[in-house]
Amino acid sequence: MRGVSQGRWRGIVSKCWRPVAVWAVSTVTMLVLAGILPDFRLESAGDDSVTRVAITAALGAGAFGILSALVWPLLVRTLLLVPALVLGLAVFALNGGLLLLALDLIPDGHGEANPETAVVVAAVMSAVASATGGALAVRDDDAYRRRLYRLAARRRRRHGHDTPSTPGTVFIQLDGVGHDVLRDAVNQDLMPTVGAWIGAGTHHLTPWRTDWSSQTGASQLGILHGSNHDIPAFRWYEKDTREIQVSNRPSSAAELQRRAIAHTGDGGLLTLDGASRGNLFSGGADQVALVLSVAARRGKENRSRAGYFTYFSDPANAVRTALSFVAEVVREIGQSTRARLTKQRPRIGRGGLYPFIRAFATVVERDVVVAAVIGDMLAGRSAVYADLVAYDEVAHHSGPRSRDAEQVLIRLDRALALIAKVADHAPRPYRIVVLSDHGQSPGETFRARYGLGLQDLVRAGCGLPVPRKAGRTRSGAEARAAVRAALHRPVEEGKDKHRPSSRRSEPIVLASGNLGLVSFPDVPHRMSKEEIDARHPALLTTLANHPGVGFLLVRSEEHGAVVLGARGAEIPLDRLDDEPGPLADFGPHAADAVRRTDSFPHTADIMVNSWYDPDEGDVLAFEEQIGSHGGLGGAQGHPFLLAPDAFSPPVAEGAELVGAEQVHQVLRRWLRQECGPQVPLDESRHEPATGASFTATTVAPQEKSA
């Protein structure tokens, strides 16, 4: 009995001393702020001695802590329908209001602060309390382990079932990180976690090749749903529906997912006890958060944004992320200013809302998604797939090899380290797979080099007037779609972008990185080379001979599909293996990628791939990006797959992993090895349930971006 009592007493002390320590630090912080800030005062009724003021501060800190623990989750749940990004920015005001309420509740004195000062005091106290609690937890490994086990046990009791003993699998997608970029980051010790896995031999690194459309829409749909058939680009025009499909538009993502399920007859990679976090598509998972394909649905049945509530319901998480958000905005402004002053080349404009979009991708979405993954692991889910888009967003604007992008890789490695640490304490073993959906190729924009965009060039070739000041092409970065979804604005391209202009005889020109698509909406079928020449005799010659264009794909009535190049090159697809012509610089597998895209029903009348420099790896983006992907040429088509050695090799020795659909088969094989045959397709899986959210309010990313 004495041993039991002593053990119970030690448990009580272990549970209580850390909150007491945080309370004490918060009290001292409040006293210091009261001495520094002229508009913040702590007074006691009838006695302003140091002791009485200290007691007032202790009571105020305690009341603020209790209100934060009890009231804050209710506030966030009440504001769940408020745009998530707005909620993140409103964290400071809400916290300041709680502090003012806490000061009013002090029974033996009162504090006084104007609203602006209250916001500052509350932010500092929350940050200090969060840092103190995190430091104490990290320094006390036993307490940290017990905390994780307690969370896992609580989740198991809630769901009423035992966690399987078989290993679960966590797939972390580092959006846009190419194989060579990852390898060089490891060699430069920028990613020590990944380097340790590779160096210890616990993981093996495998490169793989994308299709012609080297972008997240095609790759992630293939990886999660096993088919990216008829995805010719990031955005394309469909003549049968007379609509423009955009991969990161919620309505398009939902339609593409529906088509993939219909094509394969299978719900997706995650149909067996899976979770999808921060992705374009659900993968058939029952548990989804921040998934674009379900973001278009309104009402209670769409709980995709519940991930924001779960994360921000912890005030420490909210304040830490909000502070990091502000720091990231300042960091981006400083980096872009430095690039402009030093006249870095290539360079694009990074003003307007971009600093906030970048901060959302590199801080808010990262923190929320990582917290979601941790919650899934503590719940013992069998398969989790999450996308971290931070690198892709920064590399688009700063360059894939820039110092800015390298700093993002460092922070992503820390996120992987946190996930790996949690895996050690999860209720079941976990194997962590890290992969990417594409790489990025550097290079200045087509417009910067030649003074006009692809649309201007096409209009000139058609004999149409070219605007003297052409507008910029919208970037297709995934982070922008995530921001729009968080702001409850899922239709992100504007109403005029869904359907073509009323002048249907004019061509529709769309850009996807260094891949361009030209369609004539008034012709219901895919136009032939002969039809295009008859209507616009100079168009194909103008495009094929332009120095910024690598090659064209069109369909010929005489030879079938052909590749066109400079100086009159015209090569049928069935002769490309022997006579690559303009595809020679793009590598030996370019012909296969072009042939596959040619077979798609919605391939454009003219497919335009930019020039590519095989020595430097540069391409010319048709969008405003100095790191781009979407077409053929360079590192954009060479992502990676980093998997534990416990899994079977992804491909036979000497073979090459080609296409997102083959990656899907590899991942599905690994899940079968761990969990047995996948659950067969069920009609209810076509529309993933989103009613349940994850639980990760007390285990959040410990990293501070500031």
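Guide: A charge sits over a ring if NZ of Lys or CZ of Arg is within 6 Å of the ring centre and within 35 degrees of the ring normal. The model is predicted, so local features need pLDDT of at least 70 and side-chain atom pairs count only at pLDDT 80 or more, while totals for chains, interfaces and linings use all residues. Residues are numbered from 1 along each chain as its sequence is written, and side-chain values use heavy atoms, with hydrogens and water left out.

Visitor: OK, what lies over the face of W611?
Guide: R449 does, at 4.8 Å from the ring centre. There's also R431, whose charged end sits over the ring of F647, 5.6 Å from its centre.

Visitor: And how many aromatic pairs are there?
Guide: The count is 8, pairing rings of Phe, Tyr and Trp (its six-membered ring) with centres within 6.5 Å; planes under 30 degrees apart are stacked, over 60 edge-to-face, the rest tilted. One of them is F446 with Y450: centres 5.1 Å apart and planes at 55°, so that pair is tilted.

Visitor: Are those two buried or exposed?
Guide: F446 is buried at 1% relative accessible area, but Y450 is partly exposed at 27%. Buried means under 20%, exposed over 50%, partly exposed in between (1.4 Å probe, protein chains only).

Visitor: What about F551 and F586?
Guide: Their ring centres are 5.2 Å apart with planes at 85°, so they're edge-to-face. The pair links distant parts of the chain, 35 residues apart: F551 is in strand β14 (549–556), F586 in the loop between β16 and α22. Helices (H or I, at least four residues) and strands (E, at least two) are DSSP runs, numbered from the N terminus.

Visitor: Where else does W212 turn up?
Guide: In the largest nonpolar core, which has 58 residues; W212, V594, L641 and L667 touch the most other members. Such a core is a set of buried Ala, Val, Leu, Ile, Met, Phe, Trp, Tyr and Cys residues joined through side-chain atoms within 4.5 Å.

Visitor: Which helix gives the most to this core?
Guide: Helix α23 (residues 660–675), with 6 residues.

Visitor: Switching topic: where is D404?
Guide: D404 lies in helix α15 (residues 403–423). At 5% relative accessibility, D404 counts as buried. Its side chain makes a polar contact with that of S398 at 3.0 Å. A polar contact is a pair of N or O atoms within 3.5 Å; within protein, one must be able to donate a hydrogen and the other to accept it, and residues adjacent in sequence count only if both atoms are side-chain atoms.
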